[in-house]
Amino acid sequence: MKIIILGAGQVGGSLAEHLASEANDITVVDTDGERLRDLGDRLDIRTVQGRGSLPTVLRQAGADDADMLVAVTNSDETNMMACQVAHTLFHTPTKIARVREAAYLTRAELFDNEAIPVDVLISPEQVVTNYIKRLIEHPGALQVIDFAEGKAQLVAVKAYYGGPLVGQQLRQLREHMPNVETRVAAIFRRDRPILPQGDTVIEADDEVFFIAAKANIRAVMSEMRRLDERNKRIVIAGGGQIGERLAEAIESRYQVKIIEMSPARCRYLSDNLNSTVVLQGSASDRDLLLEENIADADIFLALTNDDEANIMSSLLAKRLGAKKVMTIINNPAYVDLIQGGQIDIAISPQLATIGTLLAHVRRGDIVSVHSLRRGAAEAIEAIAHGDAKSSKVIGRAIRDLGLPPGTTIGAIIRDEEVLIAHDDTTIQTGDHVILFLVDKKHIRDVEKLFHVGLSFF
């Protein structure tokens, strides 16, 4: 696939890295020559320096015969204009734009071929807000991913000493929970992936990924670890777009406080939020945190744009007694360094956004793609189409599919029912199939399985 990526920042660079390793023809456009040289030295891609919305620059990047334009510059207006130019002058089939400003996103009529021709809108702030909201709803989870509009969920938990299943084989999960269908899809032990088998023994500190129907998630979590009490009190550091959206989404069910430095922004938040308490000040102010009883907080969330400020305020909140701290980290190099120590969960907006983008780049009917363990593995939701003659998967049992190495099928969502996958489970047309890949080099093989017809020969 020939793809033009506008913007060589963290999202554009990470997307180029993902796609270049999968035999795509990638061109990255940016105004920053130094950033482009760095990407070009590391990856097998073309680079073009210039403004991505200009027709001459797009033509130089190969827009005449590009299959897809992904506009992820820091400017909403540049991204939207680039899609307009690509549509009008080059008839680019698929145009994806990152748009952050809520004033644009609330006007759906702006984005169609008669107005601004954007096929897929990506809002990083909304993606991250939804991600954090799921973590708040599942105390003890390191990652929570929805499939088939939330009918099934993939949850990552750390197995602790004292959990009923720790030190036991996976096949005993069914004995512990005879009425609950679940499957352990992947285990990471000391940062190395383990493909789960029936005789795999769960050890303390394993990071365990399991899938189940949404209603059964809490019951399965209780087998891996002591269940945390449900969250009640949430403190948010940073009243920007993510902080505001999150408070708006959860304030009806939780006691929420926002700490924000800007007096003007505080006034805006007070006027627009219902029950959230808005405090003007610094989240790194020890006296302010003590005054607001930070030791009673179930979760402290650092959601500003400043990584260092987020890390420092999180460390302080944890030291002062906050039960759990979650921190947005924009620099991917920091994520692995800090998660699991004093900071319980580090959230990378780039990785959350990349997953949304990848779902639209994959061949076959791929509904969603999610990075696991900061990109070490992937979970994919694919829809099976066709019949036994035109499809490699329809009418076949899972044991007969010839899945690539390191790939497992965790569950199948059929209509409203969540079916946990077994070797003899047969795939039917219209099924949503949840796959896990611990080796991303086999992604293309998985995509081919879900092609219909002869296009993959």
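This is a predicted model: local features need pLDDT of at least 70, side-chain atom pairs count only at pLDDT 80 or more; totals for chains, interfaces and linings use all residues.

Student: What is the strand order of the open sheet of five strands, and is its pairing parallel or antiparallel?

Tutor: Strands of a sheet can pair in either sense through backbone hydrogen bonds. In this open sheet the order reads β18-β19-β22-β20-β21. The twist from one strand to the next averages 20°. As for the pairing, it is antiparallel.

Student: Which strands stand at the edges of that sheet?

Tutor: Look for strands with a single partner, since one side of each is then left without a neighbour in the sheet.

Student: At about what angle to β18 does helix α14 run?

Tutor: Helix α14 covers residues 349-361 and lies across both β18 and β19 (377-383). Taking β18 as the reference, the angle is about 150°.

Student: Is Asp415 buried or exposed?

Tutor: Asp415 is in the loop between β20 and β21. Its phi is near 55°, a positive value in a residue other than glycine. Its relative accessible area is 68%, and the cut-off to pass is over 50%. So Asp415 is exposed.

Student: And how does Asp205 come out, in terms of accessibility?

Tutor: Asp205 also has a positive phi, near 80°, and belongs to the loop between β10 (192-194) and β11. Its relative accessibility is 47%, and values between 20% and 50% form the middle class. Asp205 therefore counts as partly exposed.

Student: How do α6 and α14 lie, roughly perpendicular or roughly parallel to each other?

Tutor: Their axes come within 9 Å and cross at roughly 105°. Pro124, Val127 and Val128 of α6 meet Pro349, Ala352, Thr353 and Thr356 of α14, which divides into five nonpolar, two polar and no charged residues. Angles of 65 to 115 degrees share one label, so α6 and α14 are roughly perpendicular.

Student: What about α6 and α9: what does their packing angle make α6 relative to α9?

Tutor: Helix α6 (residues 124-137) and helix α9 (residues 241-250) pack with their axes 9 Å apart, at an angle of about 45°.

Student: How many residues of α9 are buried?

Tutor: Among the buried ones are Ile242, Arg245, Leu246 and Ile250, and these four also belong to the contact with α6. Helix α9 is largely enclosed by the rest of the structure, because the buried count out of ten is seven.

Student: Which strands does β4 pair with, and is the sense parallel or antiparallel?

Tutor: Strand β4 (residues 68-71) points Met68 and Val70 one way and Leu69 and Ala71 the other, with all of them buried. Ile4 stands opposite Leu69, and Leu69 stands opposite Lys95. Four bridges join β4 to β1 (residues 2-6), and four join β4 to β5 (residues 94-98).

Student: How many residues of β8 are buried?

Tutor: Strand β8 pairs in the antiparallel sense with β7 (residues 141-147) over six bridges, and seven bridges join β8 to β11 (residues 207-213), again antiparallel. Asp146 has Gln153 as its bridge partner in β8, while Val155 is partnered by Phe210 in β11. Strand β8 is largely enclosed by the rest of the structure, because the buried count out of seven is six.

Key. Residues are numbered from 1 along each chain as its sequence is written. Side-chain values use heavy atoms; hydrogens and water are left out. Axes are lines fitted to C-alpha atoms, for helices over the stretch in contact, and angles run from 0 to 180 degrees between N-to-C directions. Helices (H or I, at least four residues) and strands (E, at least two) are DSSP runs, numbered from the N terminus. Contact means heavy atoms within 4.5 Å. Two strands pair if DSSP finds at least two bridges between them. Buried means under 20% relative accessible area, exposed over 50%, partly exposed in between (1.4 Å probe, protein chains only). Angles under 35 degrees count as roughly parallel, over 145 as roughly antiparallel, 65 to 115 as roughly perpendicular and the rest as oblique. Ala, Val, Leu, Ile, Met, Phe, Trp, Tyr, Cys and Pro count as nonpolar, Asp, Glu, Lys and Arg as charged, and the others, Gly among them, as polar.
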